[in-house]
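Please keep the sequence and the model at hand while reading.

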Amino acid sequence: MARISYLELPSKDVAGTRDFYAKAFDWAFTDFGPDYAATTTGDTDLGINGSTDHIIEQLLPVIEVQDLEAAFEAVKAAGGEIVVPIFAFPGGRRFHFRDPAGNGLGVFVNEPE
């Protein structure tokens with residue numbers, strides 16, 4: 001079943017944002033290079049995105065699916081606008097879309113290395 005399993009925050013200071021949440025809520029993060037850090041609890045996780053390649057402008061809810069290509073086609077068929085086509089990242093692949101109301105979301109498939 002597809003579910004929102006991830007929330008991603010934009011940040012120009014990934015280390016500072018990571019340290020804030022670690023200190024404020026005692027959350028543990030994994031660093032994926034200098035421009036990305038994430039909790040990896042397996043529940044609803046939080047990512048901090050400082051990437052200049054895949055910039056997000058606001059909070060990005062991310063939906064986990066089993067079949068990324070099928071979800072990509074289903075989003076398009078339902079009237080969603082693809083704003084970032086499928087791309088790979090450490091741990092999987094995803095795409096970003098805008099729903100008919102203008103909300104931005106991501107969809108990903110977990111593909112452990």
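## Pockets, salt bridges and surface features

Isoleucine 82 has its place in strand E6, where helices (H or I, at least four residues) and strands (E, at least two) are DSSP runs numbered from the N terminus. With a relative accessibility of 24%, isoleucine 82 counts as partly exposed; in these terms buried means under 20% relative accessible area, exposed over 50%, and partly exposed in between (1.4 Å probe, protein chains only). Isoleucine 82 and arginine 3 are separated by 79 residues in sequence and by 19 Å in space, C-alpha to C-alpha.

The model is predicted, and local features therefore need pLDDT of at least 70, side-chain atom pairs count only at pLDDT 80 or more, and totals for chains, interfaces and linings use all residues. Residues are numbered from 1 along each chain as its sequence is written, and side-chain values use heavy atoms, with hydrogens and water left out.

### Pockets

A pocket is found on a 1 Å grid over the protein atoms alone, as an open set of points where a 1.4 Å probe fits, with protein on both sides within 12 Å along at least five of seven lines; lining residues have an atom within 4 Å of a point. Grid points are joined across faces, edges and corners, and a volume is the space filled by probe spheres set on the points.

The largest pocket has a volume of about 620 Å³. Its lining is made of 26 residues, and the closest to its centre are Tyr6, Phe32, Tyr36, Phe89 and Pro90. At least two lining residues come from each of the strands E1 (3-10), E3 (36-38), E4 (45-49), E5 (60-64), E6 (81-89) and E8 (104-110), and E1 gives the most, with 4 residues. By class, this lining holds 10 nonpolar, 9 polar and 7 charged residues, where Ala, Val, Leu, Ile, Met, Phe, Trp, Tyr, Cys and Pro count as nonpolar, Asp, Glu, Lys and Arg as charged, and the others, Gly among them, as polar.

Of the 14 residues that line the second largest pocket, Ile56, Glu57, Val83, Arg98 and Gly104 lie nearest its centre. Strands E6, E7 (92-98) and E8 each supply at least two residues of this lining, with E7 giving the most, at 3 residues. The classes here are 8 nonpolar, 4 polar and 2 charged residues.

### Salt bridges

Side chains of opposite charge can pair when their charged atoms come close. A salt bridge is counted when a side-chain nitrogen of Lys or Arg lies within 4 Å of a carboxyl oxygen of Asp or Glu, and by this rule the count comes to 7 salt bridges. Three of these pairs are set out below.

| Aspartate 31 | Arginine 18 | 3.0 Å |

Aspartate 31 is partly exposed, at a relative accessible area of 44%, whereas arginine 18 is buried, at 19%. Arg18, Asp19 and Asp31 are also linked in a network of salt bridges.

Glutamate 69 is partly exposed, with a relative accessible area of 37%.

Glutamate 81 counts as partly exposed at 43% relative accessibility, and arginine 98 is partly exposed at 34%. Arginine 98 is also one of the residues nearest the centre of the second largest pocket.

Phe20, Phe25 and Trp27 form a nonpolar patch on the surface, with about 330 Å² of accessible area together. Patches are made of residues with over 30% relative accessible area and no salt bridge, like charges being joined within 9 Å and nonpolar side chains (Val, Leu, Ile, Met, Phe, Trp, Tyr) within 5 Å; accessible areas come from the Shrake-Rupley method with a 1.4 Å probe, and for residues only the protein chains shown count as cover. Phenylalanine 25 is found in helix H1 and counts as partly exposed, at 48% relative accessibility.

Aspartate 26 lies in the loop between H1 and E2 and has a positive phi of about 60 degrees although it is not a glycine. At 69% relative accessibility, aspartate 26 counts as exposed.
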